[in-house]
Amino acid sequence: MFMNSIYRNFLIPIIIVFMAATLFFLGRYPNISMILGGIALFLIGMEYMENGFKAFSGSLLENILARFTNNTPKAITTGFIVTAIVQSSSLVSIIIISFLSAELISLTSAVGVIFGSNIGTTATAWLVSAFGLKIKISIYAMPMLILGIFIPLFLKSNSWKGIASILIGLGIIFLGIGYMKEGFETLKEGINLAQYAMAGYAGIFVYVLIGAAATVIVQSSSATMAIIITALATGQIDYANALALAIGANIGTTVTAALGSLKSNENGKRLAVAHFIFNIITGIIAIVFIYQLTELVDRLAAIVGIGVDNYAMKLSLFHTIFNVIGVLTVSPFIHLLVKFLNTLFVPKGANKGKPKYLDDAALALPATALSAIIMETKHLYENAFDIIIHGLNLKKKNVLSSMDLDEVIKDLYTHGSFDIDDFYHHWIKGIYGDIIDFSTKAQGNMPPAYIEELYKLKLASRDIVEAVKDTKHLQKNLLIYTNSANPYIKEQYNDIRKGLAELLRNINTIATSEEEDVIILLLSKAKVHAKRYDIVTNGTLDKLIRKDFITKKMATSLMNDSDYAYNISQKLIAMAEILFIDIKSDLKKLTAEMSISDEEVEELMKG
């Protein structure tokens, strides 16, 4: 605490001095201040546009990315088109990582979208070079800002608020471009950076590094490209060096992706590695063949009508061409790349006690958050399934097979003692706590209908936990009396094991079946069979005591344990109803309102 106090006491004055020095410096050099201010406005505008498109599209953007990414060509094309329209590769990346974290799309599809998104980001360069430098673009900023401010005052829907945010973002971006252009033009009167241009590959490598560093600093390749184009148009940098800066901007954006993946799960990190590999390969190709690409740009520019001296437009064309070449080069090997990626970030040792799907990236969208919770609840049940089976002294492979149940209970689990309490703490408790915590975070961003589903999933998780606890209580006497010399008490406990084995087998069938009739029939059957554990009402206990088949101590234990078996059955049946019937049915109703197909509901349920 003392050290923290000293640290704060030194840090605050340092920050104040730094801010004062920065303000003094910018006041002395207004042209540099104007350029930096333009960059800041550009970044603010990009954020407004990103939020605006997210609000305007509602679930449309997510639906498009989910629906049109089921093969590599579609994924690349969708990534390109969506990024070019929304002008935000970060928004597309956030959605894709959230889908990937919830396993709503495959890693192959996600990689394809990121490849296409790289081409889509080049649209920003075309926007700046085509409009921002030929006309006084800043004069269009004010009408956009005015409209963006006044629209929400009269039109309250989220879509109109999204449109307003997009207009404000465009207006601020136009202002930023105007300020950058004006700043560079003023700067040229005092300093001409073009005089420091370097020829040959030495200059290329230096400017690639500068472009990469600039992108790392501003955390936006689009902003870096806007800076490069405005500096080029005002003669501050040489055309050849601008090409190298553009290559560097592409490489630098991989650092942004890597930083964004740090809090993601294994697949999110793999996606960042794919992005890094793609951009590095693309950068190497562009550097090695930069002179050939420059010649290609000149020829294509003449064909499409770009002027010989219009270097800004040529730079945009170059930026697009080398990204397209990168996609064409890498995409044929995408399956090999994914195979390699799947070998990375593999958890060491057993991972059953850790959540598999509750990645913060999935919180970005209500659908992905709900899907993550559904799958994590299934993961919790899978762990509980193993614990309950071994707690009943059964073998999992036998329960899941078609083996006769009388044979199943005879083939005992003999791999030493099985401490349910230990496995509960390692496999159940932590995941259950994470589900509750994640659900609390998720519901803040969910519509009421999704929150209802969330509540049901919490109940299902609680039932799973309680079933494991009841198995723990049941296990003690079960191990004693299934080895008892008394055939009557042994028969009763084996009957408990047999009944629960049948229930677990039926739930496994329910979990893997797509036929509603089969699911409903098995659950109904399970509910009827659960009544067998009420040995007081059905007269079983009275008969055993009256005929002195069992002792009073045995009778008390059997009565309590039959109650535990009944509770286990009831909780597992309730869980199965929620997880494998109610949730699927409710999602179909919800998605019908959003025009999502039954196939996509299945994907949401399965991940």
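Mentor: Contact here means heavy atoms within 4.5 Å. With that in mind, and remembering that this is a predicted model, we can say that among contacts in the protein chain between residues at least 6 apart in sequence, 79% join residues at least 24 apart.

Trainee: Before we go into detail, how many helices and strands does the protein chain have, and what percentage of its residues is buried?

Mentor: The protein chain has 26 helices and zero strands. Of its 607 residues, 49% are buried, where buried means under 20% relative accessible area.

Trainee: How should I read the packing of two helices, and at what angle do H4 and H6 pack?

Mentor: In general, two packed helices are described by the angle between their axes and the distance between the axes. In this structure, helix H4 (residues 72-86) and helix H6 (residues 107-120) pack at an angle of about 40 degrees, and their axes are 6 Å apart. That angle makes H4 oblique to H6, and the crossing of the two helices is right-handed.

Trainee: Which residues make the contact of H4 and H6, and how do they divide by class?

Mentor: From H4 the contact includes Thr72, Ala75, Ile76, Gly79 and Phe80, while H6 contributes residues including Gly112, Val113, Phe115, Gly116 and Gly120. Taken by class, the residues of the contact of H4 with H6 are seven nonpolar, nine polar and no charged, with Gly counted among the polar residues.

Trainee: At roughly what angle do the axes of H21 and H22 cross?

Mentor: The axes of H21 and helix H22 (residues 487-512) cross at roughly 130 degrees and come within 9 Å. That makes H21 oblique to H22, and H21 passes H22 in a left-handed crossing. On the H21 side the contact is made by Leu474, Asn477, Leu478 and Tyr481, and on the H22 side by residues among them Ile489, Lys490, Tyr493 and Arg497. By class, the contact of H21 with H22 has seven nonpolar, one polar and two charged residues.

Trainee: Why are Glu295 and Arg299 separated by about one helical turn?

Mentor: Glu295 and Arg299 are separated by about one helical turn because they lie four residues apart in helix H14 (residues 290-304). Glu295 is partly exposed, at 44% relative accessibility, whereas Arg299 is exposed, with a relative accessible area of 56%.

Trainee: How far apart in helix H19 are Glu407 and Lys410?

Mentor: Glu407 and Lys410 are three residues apart in helix H19 (residues 405-410), and so about one helical turn separates them. Their side chains meet in a salt bridge at 3.8 Å, N to O. Glu407 counts as partly exposed at 41% relative accessibility, and Lys410 counts as exposed at 60%.

Trainee: Are Lys571 and Asp470 buried or exposed?

Mentor: Lys571 is buried, and Asp470 is buried as well. The side chains of Lys571 and Asp470 form a salt bridge at 2.9 Å, N to O. This pair links distant parts of the chain, 101 residues apart, with Lys571 in helix H25 (residues 552-593) and Asp470 in helix H21 (residues 448-481).

Note on methods: Residues numbered from 1 in each chain as written. Predicted model: local features only at pLDDT ≥ 70, side-chain atom pairs only at ≥ 80, totals over all residues. Heavy atoms only, no water. Buried < 20%, exposed > 50% of the residue type's maximum accessible area, 1.4 Å probe, protein only. Salt bridge = Lys/Arg side-chain N within 4 Å of Asp/Glu carboxyl O. Axes fitted to C-alpha atoms, helices over the stretch in contact; angles between N-to-C directions. Parallel < 35°, antiparallel > 145°, perpendicular 65-115°, else oblique. Left-handed = near helix turned anticlockwise from the far one by under 90°.
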